[in-house]
Amino acid sequence: MTTDTSKTTGENTATGGRPTMLRAITAAGGLASVASTFLAWTWTSEFPGDLTFNGYPGGLQLLTLVLGLLTTLFALSAMDLRGLGWLTPAGSTKPLRLMALGTFATTWFTVIAIAVDLGGLANWEPGAWVAAVAGAIPLAAFLLPDDTRPLKRPAALPSWAEILIIAAVFAIGLYVVNYGIQTDADDPEPFLGYLIATGFAAAALFKAGVVARLSALTAKYRSVTLIAALVTAVAFPFTQNKASYTELGVNILVFATVALGLNIVVGLAGLLDLGYVAFLGVGAYTAALVSGAGSSTLDIHLPFWAAVIAGAVVSLIFGVLIGAPTLRLRGDYLAIVTLGFGEIFRIAVLNLDGTSGPSVTNGPNGIPNIPPLEIFGFNFGEDHTVLGHTLDTNANYFLLMLLVTIVVVLVFSRAGNSRIGRAWVAIREDETAATAMGINGFRVKLIAFALGATLAGVAGTVWAHVQSTVVPEQYVFAGPVPPNSTFLLAAVILGGMGTIGGPLLGATLLFLIPKKLEFLQDYQLLAFGIALILLMRFRPEGIIPNRRQQLEYHETGQLDVPDQPQLSGNAVGVTKAEA
């Protein structure tokens with residue numbers, strides 16, 4: 001039997017040529033998008049970012065430029081261009097599609113916003129028309145065949161090179177975060193474009209396997225990673241030029257720290273607490289009462305370290321008093337009881353005004369004019385010059401709150417990896433089975449509840465001084481302004497239950513987005529609900545999940561990319577079949 005080899009060869013050539021042509025078209029579209037950013041997109045500077053210049057990208061054009069450049073690089077990597085294989089270790093098609101879609105979405109969002117804000121397509125300059133066409137060309141990537149492959153161990157690099165990569169990643173991360181924080185809240189278009197661009201870019205990097213490679217690298221150099229993270233966080237206030245930006249940073253840290261404390265209760269122990277913000281309020285009110293404020297009903301002025309201990313102890317006591325009679329309940333019943341506790345706390349401090357009840361909290365007036373902290377002669381209410389940069393009050397509190405966050409992270413990490421932490425996980429997975437194995441479920445859950453309350457109380461002591469006032473309206477179950485119990489719980493679920501980075505990232509997103517999109521205040525809860533529905537549909541394990549939950553929420557073979565490649569031994573990562 002003979003075979004027509006010439007025909008077979010021709011068919012293979014044709015089949016292989018089509019993907020190459022599509023990748024070339026995608027790369028050309030990315031370059032065209034980059035080029036379009038050097039043209040004027042509109043004639044007036046009334047649109048945010050001033051897109052009226054030729055030869056100088058500005059505003060949202062910068063996002064199109066970056067995404068167009070990344071699309072080109074991913075397309076060239078898909079074409080096996082030497083030196084770019086590291087961009088797509090887990091396959092090129094899916095990340096290329098996401099990057100192309102991000103370029104299209106960001107560009108078209110900008111040109112449509114120009115037409116809507118300024119009143120019609122007549123406000124488009126030729127550059128906007130070029131950008132609209134160029135942004136659609138990379139969508140040719142959706143015609144490419146899927147080439148997803150298992151993530152393999154990368155080629156070894158010198159230690160100095162790997163450490164330099166870690167440092168560069170944190171520097172880029174700081175720049176990206178600063179870009180989002182420093183967008184003007186009065187003009188929502190730049191921040192919306194930023195969300196679109198970073199969302200698609202992050203998804204593409206996940207699908208490409210780059211994030212998994214970086215995770216493995218940071219795990220290999222754990223100490224270096226921790227130092228880089230600390231340096232990046234400390235550098236944040238030195239890179240801000242407005243007090244509102246550092247205020248946003250310190251509020252995010254408070255919110256993130258409280259969410260991490262809730263993660264002990266929800267993420268590790270599996271207890272649904274809907275009144276957790278009350279413990280933040282307990283710590284804040286305790287600190288306010290002993291801070292020496294003129295409106296305080298207690299004639300006490302304790303130093304900060306004593307106020308922190310007082311807030312932590314009082315919150316611990318409340319955690320035990322609430323947890324002891326209620327933690328024998330499970331599921332929805334426990335959630336209802338904790339929700340009731342949160343409302344009882346708010347109503348109680350509202351009525352302890354000397355009229356409806358004892359004079360303790362000044363009722364709805366709260367405790368205003370809390371004096372600034374002073375530690376070892378360092379007054380947090382005054383500006384200080386460090387390394388030629390002026391640190392305002394918010395920057396001072398940011399650095400203090402960063403120290404508190406580090407302590408909470410250490411407590412969470414140590415507790416989660418201890419014997420009691422493993423008992424929490426056992427209770428979360430199957431309380432009946434854990435009890436049968438000799439674990440005292442009630443005692444273990446009470447410890448989790450008390451520890452979570454204590455950490456929230458510590459954060460509350462700093463929160464009181466940051467806000468300089470505490471009022472009952474700050475501590476509700478749900479509302480348009482975080483922190484509240486709903487947003488705290490959502491931060492844990494969004495980021496990834498049982499992890500450290502998950503709640504930190506979730507809290508950052510949930511505090512930053514409402515702050516920058518205040519024009520959606522009346523529809524915030526609607527947008528919030530839609531976002532949670534989409535999250536539960538497409539990534540129920542959270543943005544930064546642990547391996548156990550990632551496998552629980554996906555059927556066999558659904559994981560496109562493993563969490564991280566193995567960098568030692570003979571292992572070459574986890575394939576779909578192994579997952």
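Trainee: Is Asp80 buried or exposed, and what is its relative accessible area?

Mentor: Asp80 is exposed, because its relative accessible area is 69%. Buried means under 20%, exposed over 50%, and partly exposed in between, with a 1.4 Å probe and protein chains only. A caution before we go on. This is a predicted model, where local features need pLDDT of at least 70, side-chain atom pairs count only at pLDDT 80 or more, and totals for chains, interfaces and linings use all residues. Residues are numbered from 1 along each chain as its sequence is written, and side-chain values use heavy atoms, without hydrogens or water.

Asp80 sits in the loop between helix 2 and helix 3 (93-118). Helices (H or I, at least four residues) and strands (E, at least two) are DSSP runs, numbered from the N terminus. The backbone of Asp80 has a positive phi near 60 degrees, in a residue other than glycine. Most residues other than glycine have a negative phi. Asp50 also has a positive phi, about 55 degrees, and is not a glycine. Asp50 lies in the loop between helix 1 (5-36) and helix 2. Asp50 counts as partly exposed because its relative accessible area is 24%.

Now step into helix 2 itself. Thr64 belongs to this helix, which covers residues 60-78. Thr64 is buried, because its relative accessible area is 0%. Leaving out residues up to four places away in sequence, Thr64 touches Ser33, Thr37, Trp41, Thr106 and Thr107. A contact means heavy atoms within 4.5 Å.

Leu67 is in helix 2 as well. With a relative accessible area of 2%, Leu67 is buried. Beyond residues up to four places away, Leu67 touches Met99, Gly102, Thr103, Thr106, Ala197 and Ala201. The C-alpha atoms of Leu67 and Phe104 are 9.1 Å apart, although 37 residues separate them along the chain.

Next, the whole chain. The chain has 20 helices and four strands. Its radius of gyration is 27 Å, close to the 25 Å that the globule rule gives for 579 residues, so the chain is as compact as a globular protein of that length. The radius is taken over C-alpha atoms, and the rule is 2.2 Å times the number of residues to the power 0.38. Of the 579 residues, 46% count as buried. Among contacts with a separation of 6 or more, 75% join residues 24 or more positions apart.

Beyond its neighbours within four places, Leu510 is in contact with residues including Phe255, Pro482 and Phe528. In soluble globular proteins, nonpolar side chains tend to be buried together.
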